[in-house]
Amino acid sequence: MAELADIANATIRQEIAEYLDRPVEIERNIALFARTRPLMQEIAVAVIEGDQVACDRLTRQALEEGVHALEIMDDGLIGGMGIVGIKFRENFIFVPEVLACARSMKAGMAHIEPILSAAGVEPVGTVVMGTVKGDLHDIGKNLCIMMLRGAGFSVIDLGVDTAPDQFIAAVEEHGAPLLGMSALLTTTMPNMGRTIEAFIDAGLRDDVKIMVGGAPVTQEFADDMGADGYGKDALACVALAKQLLGVAA
Amino acid sequence: MTASAPRPMTGRQRILAALRREPVDRTPVCNPTSVATVELMDLVDAPFPDANRNPELMARLAATGYTELGFDSVMPVFSIIQESSALGCKIQWEQKDNWPTVRMREPIWRDADDVRVPNDFLTHPDTRCVLDAIGILRRELGEEVAIIGKTMGPWSLGYHCFGVETFLLMSLDDPGRTKLCLDRLKEATIRFGLAQIEAGADALTLPDHATGDLVSGEYYERFLKDLHAEFAERLPIPLILHICGRTVDRMGYIAETGMAAFHFDSKNTPDESMEAVRDRIALVGNINNPETLYARDPEAVRAEVFKNLAAGVQLVGPECAIPLQTAIENLVEIPRAVREWHASHAHPHAG
């Protein structure tokens, strides 16, 4: 079994030692970074530190050196974002820092996505996401989207104030097996239930898993509405998405 | 705690004494944010969205907090959009069953140089409406009940005018420019606050959503603590700071601002919150909205009221603007439970 000392990059070692507490997460990250090449670890550090200039440069460098785009995405960008998500969940960092990390990842993905797309590489899964009708708040939803993309999902973002028929149309158009709905207002929470009812009425409920979240939403509320799952935060959203789609954690 | 009970107080006296942390005859029931509901709108024929834009309807709906619910205060500002509308933000006014919201995806500013409080800020229909409604409430309710106004803090206005993500990223990329934005935006907070005082407000809620759900406690100290202290100096009536979400990590800083009270969310327990502020600021709160007031029954409401009273929270009320579909029976349980608790506890609350 790999050990912390097997990781070449000192910053990665320090991040794991200082911020990770759960044995399964420590073990997973040590195993990941102990086997990745040093340049991938540097890319991960650029993501963790929210350094978009470095992430852009290092990703281009890696591609020029012949590293496969999929390896850069999995070992560098997604690897880094995994640590970001844990630090956010544990309140070591907050939304501004996560936004900066996601911006860095996006700078790297700008080089990676066209290559993967041209090669026909499939994402982990496709998720349709939106804030429900009558609600214009999107920071929570956007954080979930950043983390989902950071975990390799393809996300169709419908934005805010999304009507049930818009959710249905997007799920059908993209053949998405998973839908995520967000609400910040207690007045708009019931629109999650109305959207689920619309899927039932359209005969599509069995074709799609539905997850919900948002500050006032609870597991109990999600169960009452007939959702398939509830995510308390962005990292929980990713775990739930993987669980609902049967993807290995 | 005091040895002898003060003589019976009016709601206004009770609220103001508690905000000064002076003795009260019983713990006041306070709503620093909206208690408007669809039921109350129907009862007095003052529905949203009109009740957010017409001063007569705004005052009529606000008065129900006292006349129908039995709270010690009234709050005529049911949303957080009045100043942002006057600053030029686009508003989605919605219908009776939803709050109006700023269209933050259509930001009006990009940089500190764009920040400008318009000359007509206080005569804009959506700020004027609040001033007129406060005047109506003062005339109609007299000295019986405390009238609480609301002036938004610069951090919340920053979300509205720049967009949440843009504003938060700016705070990380360029703290100096962010502080400049806040310094320029504070004039909106002060001008609207002073105008409400002139119109007759007894106290002001100052929402400034530097919540633990978004930013760290260190952020609050770095960007907002001094500004909030300045508000406490320049707005000469009691200020009630409102921040949703988890805030116990910044309550120590908040307690040092000189504000009269902090309106806290149920994500923070009454006991840990009282411990965090250590009697340097009054606390208002913190009956849970979505799980208790909206979804449960009077028994559950009573239990939360008792929990706050037992912890020594100085003013009891909902944690934030209540869901519009909240049942009146749950809301009237708050003052009922407060009276019941005091009837069975010998010593009056010291506020």
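**Exercise 1**

In which hand, left or right, does α4(A) pass α5(A)? Work out how the two helices pack as well.

Solution. One thing to keep in mind throughout: this is a predicted model.

Step 1. Find the helices: α4 of chain A covers residues 52–64, and α5 of chain A covers residues 69–89.

Step 2. Get the geometry. Their axes are 10 Å apart, and the packing angle is about 140°. Roughly antiparallel would need an angle over 145 degrees, so α4(A) counts as oblique to α5(A).

Step 3. Read off the hand: the crossing of α4(A) over α5(A) is right-handed.

Step 4. List who touches whom. On the α4(A) side you'll find A:Cys55, A:Thr59, A:Ala62 and A:Leu63, and they meet A:Ala69, A:Ile72 and A:Leu77 of α5(A). Sorted by class, that contact has 6 nonpolar residues, 1 polar and no charged ones.

**Exercise 2**

Solution. 

Step 1. Helix α7 of chain A takes in residues 139–150, while α11 of chain A takes in residues 234–245. Their axes come within 8 Å and cross at roughly 50°.

Step 2. The roughly parallel label needs an angle under 35 degrees, and the roughly perpendicular one starts at 65. That's why α7(A) ends up oblique to α11(A).

Step 3. For the hand, α7(A) passes α11(A) in a right-handed crossing.

Step 4. Now the contact: A:Leu143, A:Cys144, A:Met147 and A:Leu148 from α7(A) sit against A:Ala234, A:Cys237, A:Val238 and A:Ala241 from α11(A). The class tally is 8 nonpolar, no polar and no charged residues.

**Exercise 3**

Solution. 

Step 1. Count the contacts: 23 residues of chain A touch 29 residues of chain B.

Step 2. Get the area. The two chains bury about 2,300 Å² between them, with 64% of it on carbon and sulfur atoms. On the chain A side, A:Phe94, A:Leu136 and A:Thr187 supply 26% of the area buried against chain B, more than any other three residues.

Step 3. Look for charge pairs, with a cut-off of 4 Å from nitrogen to carboxyl oxygen. The interface has 2 salt bridges. A:Arg103 and B:Asp173 form a salt bridge at 2.8 Å, N to O.

**Exercise 4**

Solution. 

Step 1. Check omega. The bond from B:Phe48 to B:Pro49 is cis, with omega near 0°, and B:Pro49 is in the loop between α2 (38–44) and α3 (55–67) of chain B. Another cis bond joins B:Gly285 and B:Asn286, where omega is about -25°; B:Asn286 is placed in strand β8 (residues 282–287) of chain B.

Step 2. Check phi. A:Asn91 isn't a glycine, yet its phi is positive, about 65°. A:Asn91 sits in the loop between α5 and α6 (95–119) of chain A. B:Asp45 also has a positive phi, near 50°, and lies in the loop between α2 and α3 of chain B.

Definitions and conventions: Residues numbered from 1 in each chain as written. Chains lettered and ligands numbered in written order. Predicted model: local features only at pLDDT ≥ 70, side-chain atom pairs only at ≥ 80, totals over all residues. Heavy atoms only, no water. Axes fitted to C-alpha atoms, helices over the stretch in contact; angles between N-to-C directions. Helix = DSSP H or I, 4+ residues; strand = E, 2+ residues; numbered from the N terminus. Parallel < 35°, antiparallel > 145°, perpendicular 65-115°, else oblique. Left-handed = near helix turned anticlockwise from the far one by under 90°. Contact = heavy atoms within 4.5 Å. Nonpolar A, V, L, I, M, F, W, Y, C, P; charged D, E, K, R; others polar. Buried area = accessible area lost by both parts, 1.4 Å probe. Salt bridge = Lys/Arg side-chain N within 4 Å of Asp/Glu carboxyl O.
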